[in-house]
Amino acid sequence: MKKYFEQEKIALLLMVILLIVIQIPSFLLLKQGTVGFLLLGFFVLLLCVTMMLGTVKGLYSSFLFIFIVGTALFYLEMTNTPKVTFPLPLFLGYGVTLIICILLTGRVHDIFINQGEKNRRLQEEIRQFVAVDVETGFDNKFRMEMEVQAEMKRTDRYGAAFTLILLQIDYFAKFKQLYGEKETSHLLSELAKTIEKTMRITDRKFRYDQDRFALLLTNTDDHSVEVIYKKLAETLKTHQLLNEKYVTLSFRSGHIVYDQEVAVADYRALLQQVESEMVYREL
């Protein structure tokens with residue numbers, strides 16, 4: 001965080017220096033009539049190009065511009081064209097000042113780009129390592145991916161097995177529309193409490209979508225899944241609203257028992273396989 005503010009201070013200082021330096025060509029060019037106005041316009045345009053595209057492209061554009069205009073002015077000076085009154089020494093100073101301003105602008109551009117990348121990485125780290133679903137207290141989908149991948153590697157290396165169960169609340173959007181946000185938050189909170197009581201302490205629970213939960217059961221084989229389904233069905237299907245009335249819920253479910261013999265390429269393939277089972281299986 002300290003480095004972040006230091007970079008911001010450097011960018012601000014460079015911008016102040018840049019504004020001061022720009023005053024020099026502005027003061028001199030405005031005295032040179034139409035040619036001066038045109039050169040000042042290109043000066044500002046090249047700075048804008050550098051701010052958007054970076055130092056390298058800004059320098060390329062500036063060198064090309066200086067070469068073309070300088071060559072033209074030199075030719076017109078040598079041929080004694082009467083309409084050309086722009087002095088070549090002034091243009092030389094213009095070119096040097098332009099390069100200096102391009103370098104300053106490019107540095108500001110790089111700082112802004114780097115700070116933007118750092119912000120994105122920081123936000124991604126927060127989502128992956130810190131963020132927990134507020135309504136349920138379960139880990140989010142980023143933590144779910146990390147945990148399942150770690151369990152897959154552990155199983156591939158040491159054997160044993162784990163079971164991944166997915167639960168989807170049927171008609172979740174309609175429930176939310178009918179009962180509102182407060183009742184929906186209460187529903188999710190109560191479901192989370194019920195799941196927490198039903199499962200083992202070592203089992204991991206995730207809310208990986210608005211209407212979906214995932215349960216990662218370590219050291220669990222196919223023989224125990226139906227017992228777990230029965231417990232979940234008994235405890236989850238009846239829900240008490242805030243007004244103390246009861247409603248009946250329905251769920252779609254799917255699971256996979258992962259061991260060393262399961263031919264699944266990666267986490268994404270594993271998740272897709274379980275989600276495909278949810279289409280035709282009810283809890």
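Helix α5 (residues 141–158) and helix α8 (residues 267–277) have axes that come within 10 Å and cross at roughly 105°, which means that α5 is roughly perpendicular to α8 (a term for angles of 65 to 115 degrees, where under 35 counts as roughly parallel, over 145 as roughly antiparallel and the rest as oblique). This is a predicted model, in which local features need pLDDT of at least 70 and side-chain atom pairs count only at pLDDT 80 or more, while totals for chains, interfaces and linings use all residues. Residues are numbered from 1 along each chain as its sequence is written, and side-chain values use heavy atoms, with hydrogens and water left out.

**Helix contact**

- M144, E145, V148, Q149 and M152 in α5 meet Y267, R268, L270 and L271 in α8, where contact means heavy atoms within 4.5 Å.
- Sorted by class, this contact of α5 with α8 has 6 nonpolar, 1 polar and 2 charged residues.

**Nonpolar cores**

- The largest nonpolar core has 27 residues, of which L167, L191, F213, L215, L232 and L236 touch the most other members; such a core is a set of buried Ala, Val, Leu, Ile, Met, Phe, Trp, Tyr and Cys residues joined through side-chain atoms within 4.5 Å.
- At least two residues of this core come from each of β1 (162–169), α6 (172–198), β3 (212–218), α7 (225–236) and β6 (251–258), and α6 gives the most, with 7 residues.
- When its neighbours within four places in sequence are left aside, L232 is in contact with L167, T198, M199, L215, K237 and L283.
- Another core, of 25 residues, lies apart from this one, and L29, L39, L46 and V69 are among its members.

**Aromatic pairs**

- The model has 4 aromatic pairs, counted where the centres of Phe, Tyr or Trp rings (for Trp, its six-membered ring) lie within 6.5 Å.
- F42 and F65 form a tilted pair, 4.9 Å centre to centre with 35° between the planes (planes under 30 degrees apart count as stacked, over 60 as edge-to-face and the rest as tilted).
- This pair links distant parts of the chain, since F42 is in helix α2 (residues 33–53) and F65 in helix α3 (residues 55–78), 23 residues apart.
- F42 is partly exposed, with a relative accessible area of 38%, whereas F65 is buried, at 12% (buried means under 20%, exposed over 50% and partly exposed in between, with a 1.4 Å probe and protein chains only).

**Positive phi in loops**

- Y171, in the loop between β1 and α6, is a residue other than glycine with a positive phi near 60°, and Y171 counts as exposed at 60% relative accessibility.
- E244, in the loop between β4 (238–240) and β5 (246–248), has a positive phi of about 75° although it is not a glycine, and E244 is exposed, with a relative accessible area of 60%.

Methods
Axes fitted to C-alpha atoms, helices over the stretch in contact; angles between N-to-C directions. Helix = DSSP H or I, 4+ residues; strand = E, 2+ residues; numbered from the N terminus. Nonpolar A, V, L, I, M, F, W, Y, C, P; charged D, E, K, R; others polar.
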